[in-house]
Amino acid sequence: MSTGTPVLYEGTTGVADAGGDSLNEDLNVYYAAGDLAWIMTSSALVLLMVPGVGFFYSGLARRKSALALIWLSLMSIAVVFFQWFFWGYSLAFSHSSNNPYIGDLSNFGLKDVLAQPSVGGSRVPDVLFCLYQGMFAAITPALAIGAAADRGRMLPCLVFIFIWTTIVYDPIAYWTWNPKGWSFIMGGLDFAGGTPVHISSGAAALAYSLMLGKRTGYNKVNGLPYRPHNVTHVVLGTVFLWVGWFGFNGGSALAGNLRAVMACLVSQIAACVGGFTWCLLDYRLERKWSTVGFCSGVISGLVAITPASGFVPPWSAVIFGIVGGAGCNFATKLKFIIGVDDAIDIFAEHGVGGIIGNLLTGLFAANYIAHLDGATVIAGGWVNQNYVQLGFQLADSVAGFSYSFVMTCVILFLMNLVPGLSLRVSAEEEELGLDDGQLGEFAYDYVELSRHVNDIVTLATPGSSGDATSLKGGDPEKTV
C-alpha cells in the first residue's frame, strides 16, 4: 500500500515530527486536494462494505439468526474504531517503532496524528491514512465474526473483536504495510489486504467455527440442509461489497493516479470473471443458474485480486477471476473433509481466496504497473523473471494464516474460561434463534406474527394445556 518513501515537510518550523503546526502555516499546501478527496471517498466506500458483509451473511444464514449477523457487522465498526483510536493505529502504523513485528504506542490516542506524511506514502497525511486504514481494520473482524452464525453469543463476539484486532490484525497489518515490518522488508507484495484482511479473517473464522463446535443437527457428510433464507439480501450485500471494493482496492494507491485506475479496472474484470466461473461450476451439477453462486463468485474474484490489484496488468485479472472462482468453489467442500462447521464458508471465500491471490501475485506482478504511481519500484514477479517473489508470497501467506489461526484459538480458549464470556448460546437459545435469544428483535415482523398465530392455534386445540410458554422453543424456520 506504499506510494513512495514518506518525507518530512519542506519549510516547516521543526514540528513536522509532531504532526505539523497548523497555527503557523497552511498544512494543506503539502498535499493535492484531488488525492485527499479520493482517499476520503475511498474511506466511505470501504465503510459501505461492512454492512454489505452483514447483508451477505444474513441472507446466507437462517431466518431466525439473520438480524444478529447484521448487528455484529455494524458493531464491528464501533468496537474497532474505538480500538483504532485507542491504540490500534499506533500499533500498526507508528512512525518510531523499529520492531519488525508490531509498532509502539507513540501515537496512543492518536497523539501527534495530524498532517505529517503517513508511513504508507508521502502524498497522504497521517490523519487521512488513519481514517482510511481504520476502515480496513473494521471490516476484517466483521468478515470473521460471521462464524458465530446460529450459535455464538453476542457479548463474547464484541470482546473477541477488540482483543483480536489488537493481537492479530494490528501486527499482521504492521508487518505487511509498515516499512519497518518484516514482510515489507523481505519484499512481500500485498497491495490491499490479501494477508491482513482476507487470510487473517478466513483463518480466524475457521478457528472460531472449530472452537464453537458444530450446530445442532450438523451432519459431516451434508452439513445442515438449510438453504439461504433470503437471496435478495445476498444480492444486496454483494452490490454493497462490489461497489465498496473500488475504494478498497483503488484507494490503496493512496492517491488519485493511474495506479488507482488500474486497480479499479483489474478488480472489475476479476469480479466479473469470478462470478460466471462459479456460476458455470454450479450449473454443471444442477443444470440451474444460481444467483447465490454468481454472488459468491464475484466475491471470490474480488478477494483473489485484492493483494495484486496495484501490481498486475488487465489480462492477468482474467486468470485471477477463473482461478479464484474455481478455487473458492471447490474449497467449500473442505469443511466436510476436516469436519468443521463453517456455516457461511468464510474460510473458503476469504482464507483460500486470499492465499490464491497472494500466490498469483507472485506470478503476475509487473514492475511497470506498480510504477504507474510514479514512485513505486518493485522487482516484479515471474513475468519479470523474478522467480523468488513466489517464495516471498508463500512465506507471507503461511505466516499470516498460521498466526491468525493459532492466536484466534488461544484467545477463544481463554475467553471461554472467563465467567460470562462463554462463547456458545444454550441449546434452548440455539433452537429459538440468535435474533430472539440474544437481541430480542427480529429481521422480519412475520416471524413474531407466526408465533402469535401458533399461540392462538395451540390455545384453540382441544386438550391443549394453553401454556404459551411451550412455544418459546418454536423454530421460525419450521413455522414460517
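**Before you start.** This is a predicted model, in which local features need pLDDT of at least 70 and side-chain atom pairs count only at pLDDT 80 or more, while totals for chains, interfaces and linings use all residues. Residues are numbered from 1 along each chain as its sequence is written, and side-chain values use heavy atoms, with hydrogens and water left out.

**Whole protein.** Switch to a cartoon view. The protein has 18 helices and 0 strands; these are DSSP runs, numbered from the N terminus, with helices (H or I) of at least four residues and strands (E) of at least two. Of the 480 residues, 56% are buried, where buried means under 20% relative accessible area, exposed over 50%, and partly exposed in between (1.4 Å probe, protein chains only). Contact means heavy atoms within 4.5 Å. Among contacts with a separation of 6 or more, 76% join residues 24 or more positions apart.

**Ala427.** Select Ala427, in helix α15 (residues 427-432). Ala427 counts as exposed because its relative accessibility is 56%.

**Lys64.** Next, select Lys64 in the loop between α1 (33-60) and α2 (66-93). Is Lys64 buried or exposed? Lys64 is buried, because its relative accessible area is 4%. Show Glu430 as well: its backbone oxygen lies 3.4 Å from a polar atom of the Lys64 side chain.

**Two cysteines.** Select Cys157, which is buried at a relative accessible area of 0%. Then select Cys328, also buried, with a value of 0%. A disulfide is a pair of cysteine sulfur atoms within 2.5 Å, and by this rule the count is 0.

**The largest pocket.** A pocket is an open set of points on a 1 Å grid over the protein atoms alone, where a 1.4 Å probe fits, with protein on both sides within 12 Å along at least five of seven lines; lining residues have an atom within 4 Å of a point. The largest pocket holds about 1300 Å³ of space. Select Tyr226, Arg227, Pro228, Val292 and Asp345, the closest to its centre of the 42 lining residues. Finally, colour α1, α8 (258-286), α9 (291-305), α11 (334-338) and α12 (346-364), each of which supplies at least two lining residues. Which helix gives the largest share of the lining? That is α9, with 5 residues.

Terms used:
A polar contact is a pair of N or O atoms within 3.5 Å; within protein, one must be able to donate a hydrogen and the other to accept it, and residues adjacent in sequence count only if both atoms are side-chain atoms. Grid points are joined across faces, edges and corners, and a volume is the space filled by probe spheres set on the points.
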